[in-house]
Amino acid sequence: MLDRLAISMRASHVLAILLLAAALCLAALGAALDDSFYLRLGTEALIFAGLALSVDLLLGYSGALSLGQALYFGIGAYVSALTLMTVPSFWLAMAAAGLATLVAATIGGLIANRVRGVYFALITFGMAQVVAKVVYNTRELGASDGMIGIPVVQIQFGPFAISAGNPVGFFLIVLAIIMGLYGLSAYLLETPFGRVLTALKANERRVPFLGYSVWRARMAVYVFAGLVAGLSGALYPVLRGFVSPELMFFATSGNAVISVILGGVGTLIGAIYGAVLLVILKSIIGSWTEHHLIVIGLLFMLCVMFLPKGLVGFSRPWIERRIVRVPSQEVTASAVSPAIAKSRSAS
Amino acid sequence: MIPPVLDVRGLGISFGGLKAVDDVSFSVERHRITTIIGPNGAGKSTLFNLISGALTPRNGKVMIDGVEMTRGSAEQKKAAGLSRSFQITNLFFELTVAENLRLAAQLLEPPTHAFLPIRRSRRAMEKTERMLERFRLAHRRDELAGNLSHGDQRRLEIAVCLASEPKLLLLDEPTQGMSHADTQDTAALVRGLTEDVTVLLIEHDIGLVMNLSDHVVVMHQGRKLAEGPPKVVRSDPVVQAAYFGHH
Amino acid sequence: MSPIDYLQFVLAPQILNGLTLGVAVVLVALGLTIIFGMLDVINMSHGEFYAVGAYAALALGAAGIGFWFLLVLVPILMIPLGMAAERLLIRPVFDSKDRHVTTLLVTFGLGLIVEDVLKVIFGANTQRPPTPIPGATEWFGILVPNYRLFLLAVGAAIIGGVAYVVYRTRLGAMVRAAAFDRHMAASLGVPVSIVYAGTFAFGVALAGLAGVLLAPIYSVFPTMGRDFILLAFSVVIVGGMGSIWGCVFAGLLLTQVQALASLVISPIWTDPIVFGTMVVFLMVRPQGLFGRLGHA
């Protein structure tokens, strides 16, 4: 028995498999041509896709726009870098970054979840600014220059080891981790907990009367999203060998929001496609003009105004039809809103 | 002695000096239908908000099943077995009919199921199916709640309230805006509920109230004017002057 | 250093700097807070409109138009820009389910584009228009640049003028009525649609005017709005989104805190203090010190 949410999620999985296939082709092609530039670019795109995924968990499922999700990405990156510089162990760095972001996101969640809507957006923005400025001014963390000289580590898998300096190997590892985070997020949304999140977005004020604590649900998704951002950020210094305060700045958070909007809010896989698309756009447009922001800004605005489900919203109904093999029941916004408007205007 | 399902003692709240609900006391007996009536502005919906945790009372007590829950939040009162509907349809309009029901029904599952796949929540899934059948919504199960007709939405709302198997059901004007046929239909439905739950209603349709209720509480200007069996209340001269006089 | 000297050479100049920045940020924040109070829109492109005003002053000034004329011309030129932005970007999504988030995102996108367009036209370099009023006046042994004195006076006049228009005129009454309840206002004959577009344009024009006034002090560069708008946001939140007096009060207060704190602690830590204040206010008093426009 499939309901609408499950069908949409399956369609997202189809898109995820397509992405995975494309990524594996890139890896094979990169290995054959001995490329490192495109593989490392692809790796970076996937890392930022993890950050976008965490923004979509909040925006797409609980309806909360975070303008400071880079905070947890940056904390993950810095903790990972500090760990790697002390003990060159990839898994230890990931664990430390995960733990640190869990703590940070719990604190951040206690602060941010006191408010809703636009105030939530502004408070997350403000928190990220405060921490970013503190990091920017802390000499022990390299201040404005960040930290360089993070060693290239061997990533252990039992008896085997892959060097983080191996473009194909590390690309595949990052691919596995990011797709794993996607899978975990998708799984969570298919649980009773995840359904409460979708209820939050649909009608938050009704949720307490069903017996669920709004605060607890918001807190849980906030901490989980922080963890996703932190683990993604932890991969960054392994790839680039440095971290800088820019990782926490608004531009980083803003790019993640752009990725989610381009790819499709509330689709999870859209966030990943969006992040990849953003990197591709930047490098393609960037090859003939440095003013890629005009194009990206325009695309972004068009998506906000006319394509509320982004690119995935474009393609997914088609896949959904293939899955259920019945005419689509995708209900357009115009079909929903009169009913909502009617019931609201009764007040 | 078994305490009443709901016991309200001296409940009150005021907004900016206006006593919206003032010193209201009554109790609701198990498996019966109690109805609150009163002209517009009598404080009926505010009373519901105080009982259900949407508002915190200034004075008085709310006891659910003999346990004091006066200052309990909405979700605490829900956990104590109280479920409510709203005067203005309040559903998850962007979710399907089945999903609306399942959200309520998944509360039946132990908390350990919260992070397991939804398929594992068998009780919730079965409950959803039963509610779809019972409320004749099965053919619309995958429709978005926002696309239902007004009558179907009102029925769905009752079904959602019932899906979590509450002890006490608070229905705020369930027939509001319904056609005559739909109203009769809903009345029969509500009558059938008392096997499982106790019902506290707010209703405007006096004919319906007299047919349906076991007990009637009359409110006027925030205060309880009278209470008793429908026939007794109807013939009460004070009630007639204050309430029926308007019709 | 004697206490008098400290007062004269350390404290007083610092307070004066803080005051200049305070008036500057209030000018930018005024438009932001009016647009929020009235339209319920967080205008993320406000900083870019401020930059547009500064660049317009720079370009027109280079073309030979005098500073005094620019003070009037640039805000007037900003009005159609603001009107167009409201009509084309805000209006189509104004009635969407999540207005706050959608309008915030749309204006965020607009900001990205405007910033890059400025870079294309004027280049990424920092430029500085000549000071329109040269010289300095000595007050109790402190040299105060004349232009700063002028800015304080003009700033105070603008703030007073805006408050007068909003609180004392029929136009302002219409705006406040529409902010309080647009359906009610519409039924009372207020042309809500024009009032909305006009208010947005008015806010944008204020940002442009701030750009003209501040360019000679803080220089002109494409990302100038980005840095300034953070401070302006903090001011608007602490003062209460939509409150004009809150904006003035919080603007002057926060910049004084910033200026005086930098005497005690390293100046680089004053930014976290300002943003931290904003976060604390959002936590404990999201409505700010003063209520909203139309609601108080």
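Me: Which domains does the assignment give chain B?
Reply: This is a predicted model. The assignment for chain B gives domain 1 (1–81 + 170–247) and domain 2 (91–165). Their centres, taken over C-alpha atoms, are 26 Å apart.

Me: What makes up the contact between domain 1 and domain 2 of chain B?
Reply: Domain 1 of chain B puts in eight residues, and domain 2 of chain B puts in six. On the domain 1 side, helix 6 (residues 180–193) gives the most, with three residues. That side divides into four nonpolar, three polar and one charged.

Me: Why is chain A called as compact as a globular protein of its length?
Reply: Start with its make-up: 14 helices and two strands. Now set the value against the rule. The globule rule gives 20 Å for 347 residues, and the radius of gyration of chain A is 20 Å, so chain A is as compact as a globular protein of that length.

Me: What share of chain A is buried?
Reply: Buried means 20 or more other C-beta atoms within 10 Å of a residue's own. In chain A, 54% of the 347 residues are buried.

Me: Which residues touch the most other members of the largest nonpolar core?
Reply: The core has 284 residues, and those touching the most other members include A:Ala49, A:Ile272 and C:Val235. Helix 8 (residues 192–218) of chain C gives the largest share, 16 residues. Domain 1 and domain 2 of chain B each give at least three.

Me: How do you know what C:Val235 is in contact with?
Reply: Contact means C-beta atoms within 7 Å. Leaving aside neighbours within four places in sequence, C:Val235 has contacts including C:Val25, C:Cys247 and C:Leu254.

Key:
Residues numbered from 1 in each chain as written. Chains lettered and ligands numbered in written order. Predicted model: local features only at pLDDT ≥ 70, side-chain atom pairs only at ≥ 80, totals over all residues. Helix = DSSP H or I, 4+ residues; strand = E, 2+ residues; numbered from the N terminus. Rg over C-alpha atoms; globule rule 2.2 N^0.38 Å. Buried ≥ 20, exposed ≤ 12 C-beta atoms within 10 Å, placed from the backbone. Core = buried A, V, L, I, M, F, W, Y, C linked by C-beta atoms within 7 Å. Domains from an automatic or database assignment. Contact = placed C-beta atoms within 7 Å. Nonpolar A, V, L, I, M, F, W, Y, C, P; charged D, E, K, R; others polar.
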